[in-house]
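The sequence and the structure come first.

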Amino acid sequence: MSDITYNFDNMLAERIGPGYGITAEELEQAIERSEAGHAAVQARRAAGKLHFMDLPQEREVLARLSEIRESRPWVKHFVVVGIGGSALGSIALDHTFSSTTTSPQVQFHCFDNVDPEELHAFFQTVDLRETLFNIVSKSGSTLETAATFLLVRQELKKKLGTDYKKHLIFTTSNTVGLLREVSAAEGIEMLVHPDDVGGRFTVLSVVGLFPAVWMGIDVEKLLDGAARMDERCQEPFASNPGQQFAALQYASYVFKKQNVVTMMPYAFRLKKWPEWFKQLWAESLGKQYDRQGKEIRVGQTPTQALGSTDQHSQIQLFNCGSRDRNIVFLQVEQFDHDLIISETPDQVDELAYLQDKSFSQIMTAEYEGTRGALVENQVANSTLVLPDISAYTIGQLIYLLEYATAVSGELYNIDAFNQPGVERGKEIAYKLLGRAGY
Ligand code: PA5
């Protein structure tokens, strides 16, 4: 089984010039800082402060997750109710592993909003007798999740009476929160959300693994991939893709003022990972103060695109517009399935070039074309190369980006694990809705 690699040559001055490319001296500085960042992360981990890094080794819970699945053969719809870090990893896993499956045994749904029409449509079409709801909230009190849970509970009770409980499983803190109280009061089964892992770092905990079991994903392989990347993220810079990613993004932001990072997979199945990455990068690294309380206001804006679709949309901007971004491609070396064009019309010569071409060949040509044009236009870009799309490589990808986020926190000297900017809007909404104490 092979490893993800990170190719960042096209971010360097020797490829795209010193105006937009990182020079040798700048790279050296970024590497030096990232060595210190890497050491600080390892020290914090050794002190037990970075639990998310140890999740690939924690497998005791897997047996229980499978038991829960086996005990509910009637489930045809599995629904995550959660938001932010409690939802985005599951959404990306589902898209990766179910979007190209013609008849998944269990259909996945996620409610990470409070849109009445979306919920209405669901309750109109889905048979609740075949539906299991996983209510995911670390704090157990998030407004959107609480509201949707109450609606789900009310609909379940209406249709199934006292049986409603077996259609609910909570993933929440064992020490705080309203869900924990409801679980105890009503006897609803609960999985323990680790208190010391922030939402956006939880996809490899029960938060992502329980939905993954329902999606039929090989969760052992997912964790094996993450564990493999954990090993590699302990190596020196030259063979540590997580540290490379953090250092290159830091250099791009600090030295080249590339304030935007656009993740662009060249694979439909990877389409949702940029959404997950956006939250990870933005919520962790968009900070007003450094660790000493000095105002610094840092943070790249993560955005997303999809190859080849966006070649007919945003690429115009990437090539010719403002110079404030770098692009991170996700490229897949080997697709699980391929298709070949075996016949072209004799009368139309212009189509002959597609004769005997496979779709993976066309996709690769599109990727190389985009990359080549960006280099000609001196636009910084790099590529995370995935050998294939499997649980093992997705586990690697998740761990690489989570680790890079932790190292980036050290590079900017900020707390990558809090989110004070999220709180104020919540307080105002609670006040408007009349919640006690707000
Ligand atoms: O990453 C985070 O910490 C947040 O995005 C949370 O996941 C999100 O706010 C939901 O919080 P909770 O799981 O407490 O409902």
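In this predicted model, 31 residues of domain 1 are in contact with 26 residues of domain 2. The domain assignment places residues 5-45 and 221-419 in domain 1, and residues 54-217 in domain 2. The C-alpha centres of the two domains are 30 Å apart.

**Domain interface: area and composition**

- About 2,400 Å² is buried between domain 1 and domain 2, and carbon and sulfur atoms account for 66% of this area.
- On the domain 1 side, L223, R269 and Q279 supply 27% of the area buried against domain 2, more than any other three residues.
- The rule finds 11 residue pairs in polar contact across the interface, both residues being at pLDDT 80 or more.
- Helices α9 (219-232), α11 (273-285) and α14 (391-412) are the elements that give two or more residues to the side of domain 1 that touches domain 2.
- The most comes from α11, with 7 residues.
- By class, this side of domain 1 has 15 nonpolar, 6 polar and 10 charged residues.

**Salt bridges across the interface**

- Between domain 1 and domain 2 the rule finds 3 salt bridges.
- The side chains of D224 and R59 form a salt bridge, with an N to O distance of 2.8 Å.

**Salt bridges in the whole structure**

- The search of the whole structure gives 27 salt bridges.
- D3 and R232 form a salt bridge in which the closest N and O atoms are 3.9 Å apart.
- D3 lies in the segment before β1 (5-7) and R232 in helix α9, so this pair ties together parts that are 229 residues apart in sequence.
- D3 is partly exposed at 23% relative accessible area, whereas R232 is buried at 10%.
- R153 pairs with E186 in a salt bridge, their closest N and O atoms being 2.7 Å apart.
- This pair links distant parts of the chain, with R153 in helix α6 and E186 in helix α7 (residues 178-186), 33 residues apart.
- E186 counts as buried because its relative accessibility is 19% and the cut-off for buried is under 20%.
- R297 and E295 meet through their side chains in a salt bridge of 3.4 Å, N to O.
- R297 is exposed, with a relative accessible area of 58%, while E295 counts as partly exposed at 46%.
- Salt bridges with shared partners join D3, R228, E231 and R232 into one network.

**Position of A146**

- A146 is in helix α6 (residues 143-160) and is partly exposed, with a relative accessible area of 28%.
- From A146 to V213 the separation is 67 residues in sequence and 24 Å in space, C-alpha to C-alpha.

How values were computed. Residues numbered from 1 in each chain as written. Predicted model: local features only at pLDDT ≥ 70, side-chain atom pairs only at ≥ 80, totals over all residues. Heavy atoms only, no water. Domains from an automatic or database assignment. Contact = heavy atoms within 4.5 Å. Buried area = accessible area lost by both parts, 1.4 Å probe. Salt bridge = Lys/Arg side-chain N within 4 Å of Asp/Glu carboxyl O. Polar contact = N/O pair within 3.5 Å; in protein donor to acceptor, adjacent residues only side chain to side chain. Helix = DSSP H or I, 4+ residues; strand = E, 2+ residues; numbered from the N terminus. Nonpolar A, V, L, I, M, F, W, Y, C, P; charged D, E, K, R; others polar. Buried < 20%, exposed > 50% of the residue type's maximum accessible area, 1.4 Å probe, protein only.
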